[in-house]
Amino acid sequence: MACPILGSIVSHSSFTEHCHNAVDELRTLRDVLRWSVSQFNAHQLSFGHGSDNAWDEAVYLVLFSLNLPPDTLEPFLDCRLTKQERQRCIDMVARRCSERLPAAYLTGEAWLQGYKFKVDQRCIVPRSPISELLMQQLTPWIEEPEDVSSVLDLCTGSGCLAIIAANMFENALVDAVDLSPDALAIAQENVQNYELEDRLQLFQGDLYEALPPSRYQLIISNPPYVNEGSMQALPEEYLHEPRLAFAGGDDGMVLVRRIIEGAAERLTDNGILVLEIGNEYANFVEAFPHLDPVWLSTENAEDQILLLTKEQLEA
C-alpha cells in the first residue's frame, strides 16, 4: 500500500503547497536543514555527486543559497532567517527534489579536494577518487614530485584532475584530452580561473589521436567505464550528465582497452598509468587476464583505481 504522506509530498501540487508553508513556518537555519533532509528522504533522492547522504547535500545547498562558506555551519545553525532567505533555500531544495538535478548543476560549481570547479550539464560532475591520490602526489609511486615534467589526462571533462595534477606537480606541463567540445569549453574556463594557461593545454579529439607525438611520465584517466547493464539502471540524477562520459560498452571496457593498448608508446621509460574503472573490477579482470596491476586504495574506493608501469604494459 502506498504511503499517503509520501504520496502527498511527492505530488506536484501538494509539494508546491508544502514548500509555501515551509517558507512561512520555518524560522532558523536548523529548521530549514531538518525540513530539507525530510524532503530529500521523502523523494528518495540518489546522491553521489559530491555528497553521499541527505544531510551533507542539504547543508551544501542551503549554505550556498545563503551565500555562506560551504565549510562553516555551526555558528549559523540557530540563526533566524529572513523570509527572503528562507524562500531562496526552499526554492533550491524544491528544485533538487522535483528536477532531480545533481546539486552541482543547481549551484554551477563542484568542490573536489578543496578545489572549486565551474560545472554545468555539458560535463560530468567532478568526483573522481584519483583526485585523492593526486593530492598525495602518488606517493610512493612517484618518489620525486618535483622531477615530474609531463602529465597527460585522458577524458578530462571539466579539467578537474588535470588542474589538480598541475598544482601537485608544479614543474610539469600537463596535456588534457576530451572528445567533447562542450566539456572542453568548461575545462578552458576552469584552466583560466586557476591561471594555468601557460602549463596546461587542452586538446579536442579521440584519446591519443588528438595529441602531438609526446611522451609522459604520468598518464591519468577517468574514462567512460559503465557497462551497458548498469547504464540501464542509473538513478535519474545521473541521467542529467552526458551519456558520453559514462557509457563504456557492453562490459564497460571499450575505452579502457584502447587506453591500455596505447599507453606504452606514450609513456617515458619509468612512466606509469593510473586508470579508474569504478565498479567494473570483474569485467576488467576478464578483459585483461594477463595484467597484474597495483590496485590503489582511497578513503572510499577499493579495486576501482589501478596502476600499471610501462614495463608491465609492454610485457
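Colleague: Where is Asp147 found?

Modeller: In this predicted model, Asp147 sits in the loop between α7 (130-135) and β3 (150-154).

Colleague: And what makes a negative surface patch here?

Modeller: Four residues form that patch: Glu143, Glu144, Glu146 and Asp147. Asp and Glu count as negative, and like charges are joined within 9 Å if their residues have over 30% relative accessible area and no salt bridge. That's why this group is called a negative surface patch.

Colleague: Okay, staying with that loop, why is Gln137 called partly exposed?

Modeller: Gln137 is also placed in the loop between α7 and β3. Its relative accessible area is 27%. Buried means under 20% and exposed means over 50%, so with 27% Gln137 lands in between and is called partly exposed.

Colleague: Now Arg100: why does it count as buried?

Modeller: Arg100 has 14% relative accessibility. The cut-off for buried is under 20%, so Arg100 counts as buried. You'll find Arg100 in the loop between α5 and α6, and its phi is positive too, near 55 degrees, in a residue other than glycine.

Colleague: How do you know that Gln84 is exposed?

Modeller: Gln84 has a relative accessible area of 59%. Exposed means over 50%, so Gln84 gets that label. Gln84 belongs to helix α5. From Gln84 to Leu66 you count 18 residues in sequence and 10.0 Å in space, C-alpha to C-alpha.

Colleague: Last one: which residues have the most contacts inside the largest nonpolar core?

Modeller: Leu29, Leu33, Phe40, Val62 and Ile90, in a core of 41 residues. The elements giving two or more residues to this core are α2 (12-25), α3 (29-42), α4 (54-65), α5 (83-99), α6 (103-107) and α9 (181-193). α4 gives the most, with seven residues.

Note on methods. Residues are numbered from 1 along each chain as its sequence is written. This is a predicted model: local features need pLDDT of at least 70, side-chain atom pairs count only at pLDDT 80 or more; totals for chains, interfaces and linings use all residues. Side-chain values use heavy atoms; hydrogens and water are left out. Patches are made of residues with over 30% relative accessible area and no salt bridge: like charges are joined within 9 Å, nonpolar side chains (Val, Leu, Ile, Met, Phe, Trp, Tyr) within 5 Å. Accessible areas come from the Shrake-Rupley method with a 1.4 Å probe; for residues, only the protein chains shown count as cover. A salt bridge is a side-chain nitrogen of Lys or Arg within 4 Å of a carboxyl oxygen of Asp or Glu. The place of a charge is taken as NZ of Lys, CZ of Arg, CG of Asp or CD of Glu. Helices (H or I, at least four residues) and strands (E, at least two) are DSSP runs, numbered from the N terminus. A nonpolar core is a set of buried Ala, Val, Leu, Ile, Met, Phe, Trp, Tyr and Cys residues joined through side-chain atoms within 4.5 Å. Buried means under 20% relative accessible area, exposed over 50%, partly exposed in between (1.4 Å probe, protein chains only).
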